[in-house]
Amino acid sequence: MASGDIVPIELGLTDGDLVTLWAPRWRDGDDEWEAFLGHEDALYGFESVAELAAFIRTDTDNDLVDHPAWKVVVGLSAAELEPEEQHVFDLVGVPELAAGDPDPDTLAELEETLGMVRTIGEVCELDVVTKFFGSHPVLGALPAGVSAFAGREGEELWDQIGNAIAKDWDRVVDAIDSVVHSPEVDADAVAVAEAELLAAEENVVDAEDAADTEDDNDFETVDLDEEDEEEVEETFWHEVGIDPVKIVTSEGTFFTLRCYLDDEPIFLGSGGTITVFTSERALARYLADEHEHDLARVSTYASVQTAAVDGSLEVEVDDENVYVLPGLADDLAEGPKSVDIEQLDLAVELFTDAADYAEDDTVEQSLAKSTPLGWYVSYLLEPDPSRLAPSPPFTAEAESWRALEQAFEARLQKG
């Protein structure tokens with residue numbers, strides 16, 4: 001996680017949804033800390049973002065005032081304190097999640113919510129929460145993803161998780177309810193924050209209305225010659241909707257194909273394994289023969305095979321489909337300034353596509369913002385001037401990235 005950040009979060013508790021602040025682990029000298037907005041044994045929660053904004057602007061006696069980002073947070077507008085979707089944790093809804101099917105979305109939400117609950121238990125020293133996780137090691141199966149709950153044994157594993165939650169979750173929520181308090185907030189400060197939120201909402205509406213008006217009233221005359229000059233030349237690969245891909249790994253340079261059907265990635269391969277070749281020529285030779293693979297069900301693939309057979313096929317890789325993996329882990333370990341942001345973004349795309357192709361959600365889970373690596377990567381790929389730069393060490397994040405890289409390389413099979 002990006003050290004030095006403070007994050008607005010929403011907790012779904014017995015008495016309703018409350019907003020508060022969470023400070024993921026940050027380093028102060030040789031010490032490492034993690035905290036929530038609160039004081040001593042109390043975790044502060046507020047019914048509205050306006051109340052949260054008013055409180056942090058007027059209170060100087062809480063557990064976050066010594067955090068390196070506290071002054072930044074105090075200066076944020078009320079609208080900037082709205083929790084993002086990935087930072088909404090519905091604690092009371094956990095039993096319902098566990099009673100449903102173990103699909104990727106359910107597993108991701110359940111794992112992230114349980115992760116936040118575990119964190120609250122550790123920070124607030126709640127024995128009930130600590131014992132819950134210690135008594136139910138079966139919960140450790142969640143990061144394995146959908147594949148862990150396939151078949152009869154997987155169904156039994158999912159039932160065990162559901163039984164564990166059904167048995168003890170009420171006590172977990174009760175324990176957290178007991179430490180959450182809503183301190184009084186200055187009414188005038190609340191009114192100011194509410195006005196900010198209203199103004200922000202009106203600005204959004206005004207901007208949308210203005211955009212609609214421009215769309216309705218503005219007609220631009222286009223010079224046909226100019227339009228022809230700017231038109232991107234359609235290559236064979238663009239026409240068939242399939243892209244040659246070049247991947248540079250620790251084992252060498254490989255080539256393969258990928259396309260998207262209904263936004264779902266499909267590679268040249270089968271069963272989640274990606275077939276790769278050490279040269280463009282070797283790939284073209286393979287495409288000229290009959291093989292069983294997932295791309296064969298793409299309607300335009302026949303055109304690719306025909307071109308490969310008659311010798312007219314040229315495997316040309318566009319720059320946006322070149323992925324260079326070596327060195328990224330070392331750069332992440334050195335710090336944000338050492339990372340090639342473009343290559344990191346491309347690598348995230350490649351890992352995610354390969355995992356989606358294999359119907360494996362481990363990459364999504366590893367890069368979730370609730371994980372150290374996910375928080376670090378999001379800092380790099382989603383820059384926000386209100387966030388402080390992460391501080392070292394980044395050893396754990398780099399090792400997590402190496403694990404993703406190794407898992408991806410394990411999906412590659414030389415043709």
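Guide: Let's start with Leu-287, which touches Leu-257, Leu-268, Tyr-301, Val-304, Gln-305, Ala-308 and Leu-313, leaving aside residues up to four places away in sequence. Touching, or contact, means heavy atoms within 4.5 Å. A quick word on the source: this is a predicted model, where local features need pLDDT of at least 70 and side-chain atom pairs count only at pLDDT 80 or more, while totals for chains, interfaces and linings use all residues. Residues are numbered from 1 along each chain as its sequence is written, and side-chain values use heavy atoms, with hydrogens and water left out.

Back to Leu-287: together with Ile-242, Leu-295, Trp-401 and Phe-408, Leu-287 touches the most other members of the largest nonpolar core, which has 55 residues. A nonpolar core is a set of buried Ala, Val, Leu, Ile, Met, Phe, Trp, Tyr and Cys residues joined through side-chain atoms within 4.5 Å. Buried means under 20% relative accessible area, exposed over 50%, and partly exposed in between (1.4 Å probe, protein chains only). Helix H13 (residues 341–357) gives this core its largest share, 9 residues. Helices here are DSSP runs of H or I with at least four residues, and strands are runs of E with at least two, numbered from the N terminus. Apart from this core lies another one of 39 residues, including Ile-9, Leu-107, Val-129 and Trp-375.

Now follow H13 to its neighbour. The axes of H13 and helix H15 (residues 372–381) come within 10 Å and cross at roughly 125°, which makes H13 oblique to H15. Axes are lines fitted to C-alpha atoms, for helices over the stretch in contact, and angles run from 0 to 180 degrees between N-to-C directions. Under 35 degrees counts as roughly parallel, over 145 as roughly antiparallel, 65 to 115 as roughly perpendicular, and the rest as oblique. On the H13 side, Ile-341, Leu-344, Asp-345 and Val-348 meet Val-377, Leu-380 and Leu-381 of H15. By class, this contact of H13 with H15 has 6 nonpolar, no polar and 1 charged residues. Ala, Val, Leu, Ile, Met, Phe, Trp, Tyr, Cys and Pro count as nonpolar, Asp, Glu, Lys and Arg as charged, and the others, Gly among them, as polar.

Stepping back to the protein chain, 44% of its 415 residues count as buried. The chain comes to 16 helices and 14 strands. Of its contacts with a separation of 6 or more, 67% come from residues 24 or more positions apart.
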